[in-house]
Amino acid sequence: MTARLSRRIALALLPLSLLAGGCASTGGPQSNRDPIEPFNRSVFAFNEKADAWVLKPVAQAYVQVVPEVVRMMVGNAISNVGDLWTAANQLLQGKPADAASDLFRFTVNTTFGFFGVADMASPMGFEKHREDFGQTLGRWGLASGPYLVLPIFGPSSVRDGAGFAVDFAANPVRHTATEGQSNNFTLARIIDGRASLLSTERLIDGAALDRYSFIRDGYLQRRRNQVFDGNPPASQDD
Amino acid sequence: MNTAYRWVLAATLAITTAFAAAVPARAADAPDALIKRLSNEVIERIKVDKDIQSGDFKKLSDFVDATVMPHVNFQRMTALAVGRNWRSATPEQQKQLMTEFRSLLLRTYSGALGSVKDQSVRMKPLRADAADTEVIVRSEVVPPRGEPIQLDYRLEKANDGWKIYDVNVLGVWLVETYRGQFAQEVAARGVDGLIKSLSDKNKSFDPARKP
């Protein structure tokens, strides 16, 4: 069963690895990392519109209506579900000690923290990590491949987009709750995520000459940094 | 409450002054010691200065000039960000680029300083040789709750101590990010076009504007 599953994942990822390996290993100028820039720019423009008309107003209303304490509890509960998948990815990346720490976080916060509403593990010294399947693929040596802007979800890459699909499928809420509850969870995660960006977006507005390439270059650097847990080897152009 | 606040204020001022007084004696700080001292100095100052917290650009600018800039090689930072076009720029263009870039960075960050509250700085072990003239200092800003924020610095050894020439926030290097932005602008509109974009950006960006 597990063997079959992993073979299916491997097969699904094969064309991806060819694409990623072919394009990203050179690490050359921007255009190499973004060969489908015109397409990406149009999705980016769509996202900006969708954000201005729907996502941002909803997130702003959420921040205005819901008290900070409650928002913090919602954020904690969402983050707690993420810890389980983070632990699994730590293990897949060959970091059993971190996996144990994140599993401990999940166990403590789910029980004593009442389904993750309170983060009891952080004050105990178990720091939050974020690992996803895109990072795991990166750790396994898969280059990020061309930059890819996903509708609604925004900056990604061919590798991270595939990882994102696996993250989505692996979400434990999808396997334990009803479809309606699961959709509500996804919706809450999107609103919570957008609300947390409200304070930083102004920073990007002020800092960027071109928002699109600023976000792209920042995203690609940050992902590379995450794959190597904050210690990436020097890049080729240094 | 009021008395408590005054006491905290006085204590912080005393600590800051103690730091300031200790500066000349430590002119030859090791790079990580320098970053630690500067980080603490900046956090302490922002914590007590309501004007800077609310985005008073003039005050922040003066503070940064007095405290941080002596430890930054801003010319190198700008030159690296502008990339190969730097050498073809005239000295006057280079000067303008530095002025506008500095202003852009200050304006960007001045809006974010209101959120500095109970952060502390944690230094990561320095992996460098005594003979090194270029090092990376790694640190983390630890908020009261939530994840630590990665903050790294590239420093070079100058005659009068270590100088910062690049900063990394959450894995994103400042110079590398702006190298892309600047190259794109220079390719489309030349060096003067870049200077103009930066200056327009600075004029239009109002740090007091609320999100």
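Which residue follows helix 10 of chain A, and is its phi positive or negative?

A: Happy to. This is a predicted model, in which local features need pLDDT of at least 70 and side-chain atom pairs count only at pLDDT 80 or more, while totals for chains, interfaces and linings use all residues. Residues are numbered from 1 along each chain as its sequence is written, with chains lettered from A and ligands numbered from 1 in the order in which they are written.

The residue after helix 10 of chain A is A:Asp229, and its phi is positive, near 50°. Helices here are DSSP runs of H or I with at least four residues, strands are runs of E with at least two, and both are numbered from the N terminus.

Helix 10 itself covers residues 211–227 of chain A. Its 17 residues reach 24 Å from first C-alpha to last, close to the 24 Å expected at 1.5 Å a residue; that expected span is 1.5 Å times one less than the number of residues. The buried residues of helix 10 include A:Phe214, A:Arg216, A:Asp217, A:Leu220 and A:Val227. Buried means that 20 or more other C-beta atoms, placed from the backbone, lie within 10 Å of the residue's own.

Now for the neighbouring chain. The contact between the chains takes 22 residues from chain A and 22 from chain B, where two residues are in contact if their C-beta atoms, placed from the backbone, lie within 7 Å. On the chain A side, helix 9 and helix 10 each supply at least two residues, and helix 10 gives the largest share, 8 residues. That side divides into 6 nonpolar, 10 polar and 6 charged residues. Nonpolar covers Ala, Val, Leu, Ile, Met, Phe, Trp, Tyr, Cys and Pro, charged covers Asp, Glu, Lys and Arg, and polar takes the others, Gly among them.

Across in chain B, the buried residues of helix 6 pack against helix 9 (179–207) of chain A, together with helix 4 (57–67), helix 5 (74–82) and helix 7 (174–204) of chain B. Among those buried residues are B:Leu97, B:Phe101, B:Leu104 and B:Thr108.

Technical notes:
Buried ≥ 20, exposed ≤ 12 C-beta atoms within 10 Å, placed from the backbone.
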